[in-house]
Amino acid sequence: MKALPFKIPITGAESVVVEEDIQPHFYTYLHQHEEVQLTWILKGEGTLLAGNYTGNFGSGDIYWFGPNQPHVFRCDTVYFQKKSWLKAQSISVFFKVDDAENKGLLSLPEFSELRKFSIRSAGGFRIEPENYVVLTEAFLKVRVQHGLARLTAFMQMIDQL
């Protein structure tokens, strides 16, 4: 199955994009984008396809997807029933690791360890549950901030990884 190219709406005014989805189900197409994606599933269950991995996802899970890693959260069939009251909800944080124009956020010397981590983690992974509390608090902080405050909250979030 071929992954669709997907464009994250990153403007020149921000390095970190936060997207919150609350829908009957998640986006249904296998897709990829050049940004790293950190996603926290607040509500929803189904099957995750990410690169060569296929497995279940559920509420509370947190995932890291590397740049250009094909992925899709396929909600269980009950989410697609016409009279279903279920909703899928997630918060995702997107950022570029490297960019030909501005070398991306991780080109700063302070991010050298994160650059190495990002290279090792290009295939994506699920965050271990013992880290959920700290990271969910970080997601909430990044989500409500803007400008420099968002970047600062994001840097604290990444430091937890």
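This is a predicted model: local features need pLDDT of at least 70, side-chain atom pairs count only at pLDDT 80 or more; totals for chains, interfaces and linings use all residues.

**Stop 1: Val-93 and the core around it**

Leave aside its neighbours within four places in sequence. The contacts of Val-93 are then Val-16, Val-17, Val-18, Val-36, Gln-37, Leu-38, Phe-139, Val-142, Phe-154 and Met-157. Which residues touch the most other members of the largest nonpolar core? Val-93 is one of them, with Trp-64, Phe-139, Val-142 and Met-157. That core holds 24 residues. Colour by element next. S2, S4, S7, S9, helix H1 (112-120), H2 and H3 each give two or more residues to the core. H2 contributes the most, with five residues. In soluble globular proteins, nonpolar side chains tend to be buried together.

Now select Ile-41, Ala-50, Tyr-79 and Leu-86. These four belong to a second, separate core, which has twelve residues.

**Stop 2: the sheet**

Switch to cartoon. Five strands form an open sheet in the order S2-S9-S4-S7-S10, and the pairing is antiparallel. Where does the sheet end on each side? Strand S2 (16-23) and strand S10 (125-126) are the edge strands, each pairing on one side only. Strands of a sheet pair through backbone hydrogen bonds, either parallel or antiparallel.

Focus on S9. On one side, S2 pairs with S9 over eight bridges, in the antiparallel sense. Gln-23 has Ala-88 as its bridge partner in S9. Strand S4 (residues 36-43) is also antiparallel to strand S9 (residues 88-95), with seven bridges joining them. Here Trp-40 has Ile-91 as its partner in S9.

Is S9 covered or open? Eight of its eight residues are buried. In a regular strand the side chains alternate between the two faces of the sheet. Select the two faces of S9 in turn. Ala-88, Ser-90, Ser-92 and Phe-94 lie on one side, and Gln-89, Ile-91, Val-93 and Phe-95 on the other. Both sets are buried.

**Stop 3: Gln-89 and Glu-20**

Stay on strand S9 and pick Gln-89. Buried or exposed? Gln-89 has 12% relative accessibility, so it counts as buried. Its side chain makes a polar contact of 3.0 Å with the side chain of Glu-20. Not counting residues up to four places away in sequence, Gln-89 touches Glu-20, Asp-21, Ile-22, Phe-26, Trp-40, Ile-41, Leu-42 and Lys-43.

Move on to Glu-20. This residue also forms a salt bridge with Arg-143, where the closest N and O atoms are 3.2 Å apart. Glu-20 sits in strand S2 and Arg-143 in helix H2 (residues 132-144), so the pair links parts of the chain 123 residues apart. Glu-20 is partly exposed at 34% relative accessibility. Arg-143 is partly exposed too, with a relative accessible area of 29%.

**Stop 4: other salt bridges**

How many salt bridges does the structure hold? There are four. Side chains of opposite charge can pair when their charged atoms come close.

Select Arg-150 and Glu-14. Their closest N and O atoms are 3.9 Å apart, and the pair forms a salt bridge. Arg-150 lies in helix H3 (residues 147-160), while Glu-14 is in the loop between strand S1 (4-5) and S2, so the pair ties together parts 136 residues apart in sequence. Arg-150 counts as buried, at 9% relative accessibility. Glu-14 is partly exposed, at 29%.

Then select Arg-126 and Asp-61. Their side chains meet in a salt bridge of 3.3 Å, N to O. Arg-126 counts as partly exposed at 37% relative accessibility. Asp-61 counts as buried at 9%.

**Stop 5: aromatic rings**

Show the rings. The structure holds eleven aromatic pairs. Select Tyr-63 and Phe-65. Their ring centres are 6.1 Å apart and their planes meet at 15 degrees, so the pair is stacked. Both residues, Tyr-63 and Phe-65, are buried.

Notes. Residues are numbered from 1 along each chain as its sequence is written. Side-chain values use heavy atoms; hydrogens and water are left out. Two strands pair if DSSP finds at least two bridges between them. Helices (H or I, at least four residues) and strands (E, at least two) are DSSP runs, numbered from the N terminus. Buried means under 20% relative accessible area, exposed over 50%, partly exposed in between (1.4 Å probe, protein chains only). A nonpolar core is a set of buried Ala, Val, Leu, Ile, Met, Phe, Trp, Tyr and Cys residues joined through side-chain atoms within 4.5 Å. Contact means heavy atoms within 4.5 Å. Rings of Phe, Tyr and Trp (its six-membered ring) pair if their centres lie within 6.5 Å; planes under 30 degrees apart count as stacked, over 60 as edge-to-face and the rest as tilted. A polar contact is a pair of N or O atoms within 3.5 Å; within protein, one must be able to donate a hydrogen and the other to accept it, and residues adjacent in sequence count only if both atoms are side-chain atoms.
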